[in-house]
Amino acid sequence: MTRVLIVDDERNIHKAYRADIRAAADRYELVDTIVSAADAIMVCTAKHIDLVLMDINTAKNENGIEATKRIKKSCPKIKIIVTTSYTDPQALKDAKAAGADSFWFKDFSPIELLEVMDRTIDGRCYWPKEAPDVELGDTTISALTETEKEVLHNLVECISLKKTAEKMFVEESTIKTHLKSIYQKVGCANKTELLVLAMQAKLVLPKKQEN
């Protein structure tokens with residue numbers, strides 16, 4: 001029997017995960033459900049846990065990827081599936097670097113969570129090849145060039161054109177040129193409209209504290 005810990009701060013997700021685990025009661029048992037990644041390492045060391053369903057963004061501004069690193073360092077045999085409702089491609093890279101065993105985009109995955117759990121426990125870890133292609137105004141994120149995606153990602157994080165340019169080591173005029181192209185593809189008039197669309201599409205993970 002695989003003993004499961006849920007780490008997520010959304011009640012609807014708790015309900016859905018519990019339903020999945022009940023549907024596979026012959027092989028999974030829910031041990032605990034917590035809302036903050038900061039508490040995950042404590043639960044993993046205090047209780048017998050085989051599998052963690054770890055959201056990236058949790059309560060108390062805690063980072064699930066950082067929690068994954070700590071758990072893997074202290075309890076390397078525990079399997080961890082990192083999950084998120086965001087479509088930020090950086091999340092895939094960060095989760096893999098943290099030592100996660102599998103990754104699941106909650107709202108966009110082509111396979112169900114139970115299948116990801118089964119594959120992970122069997123050692124056939126699941127990693128999407130790329131982030132989902134989501135709608136962005138009049139187009140989708142795949143219509144942007146790689147540089148335009150980078151500009152958009154950094155703009156959401158920095159907000160300021162100047163800071164975005166500094167982060168990318170380019171002139172502010174270069175950022176403005178890329179943004180003009182993005183505006184045309186997306187069908188928006190300015191930076192504010194673009195940022196609203198990007199945030200609605202959950203393109204970039206909000207910054208969480210690292211412990």
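Trainee: Which residues in helix 8 does helix 7 meet?

Mentor: This is a predicted model, in which local features need pLDDT of at least 70, side-chain atom pairs count only at pLDDT 80 or more, and totals for chains, interfaces and linings use all residues. Residues are numbered from 1 along each chain as its sequence is written, and side-chain values use heavy atoms, with hydrogens and water left out. Helices are DSSP runs of H or I with at least four residues, numbered from the N terminus, and contact means heavy atoms within 4.5 Å. From helix 7, Leu161, Lys162, Thr164, Ala165 and Met168 meet, in helix 8, Glu172, Ile175, Lys176 and Leu179.

Trainee: At what angle do helix 7 and helix 8 pack?

Mentor: Axes are lines fitted to C-alpha atoms over the stretch in contact, and angles run from 0 to 180 degrees between N-to-C directions. Angles of 65 to 115 degrees count as roughly perpendicular, and helix 7 and helix 8 are therefore roughly perpendicular to each other. The axes of helix 7 (residues 161-168) and helix 8 lie 8 Å apart, and the packing angle is about 105°.

Trainee: How many nonpolar, polar and charged residues has the contact of helix 6 with helix 8?

Mentor: The axes of helix 6 and helix 8 (residues 172-186) come within 10 Å and cross at roughly 100°. Thr147, Glu148, Val151 and Leu155 represent helix 6 in this contact, and their partners in helix 8 include Ile175, His178 and Leu179. Ala, Val, Leu, Ile, Met, Phe, Trp, Tyr, Cys and Pro count as nonpolar, Asp, Glu, Lys and Arg as charged, and the others, Gly among them, as polar. By class, the contact of helix 6 with helix 8 has five nonpolar, three polar and two charged residues.

Trainee: Which residue meets Glu29 in a salt bridge?

Mentor: A salt bridge places a side-chain nitrogen of Lys or Arg within 4 Å of a carboxyl oxygen of Asp or Glu. For Glu29, the N to O distance is 3.5 Å, and the partner is Arg3.

Trainee: How many salt bridges does this rule give?

Mentor: Applied to the model, the rule brings the count to 12 salt bridges.

Terms used: Helix = DSSP H or I, 4+ residues; strand = E, 2+ residues; numbered from the N terminus. Parallel < 35°, antiparallel > 145°, perpendicular 65-115°, else oblique.
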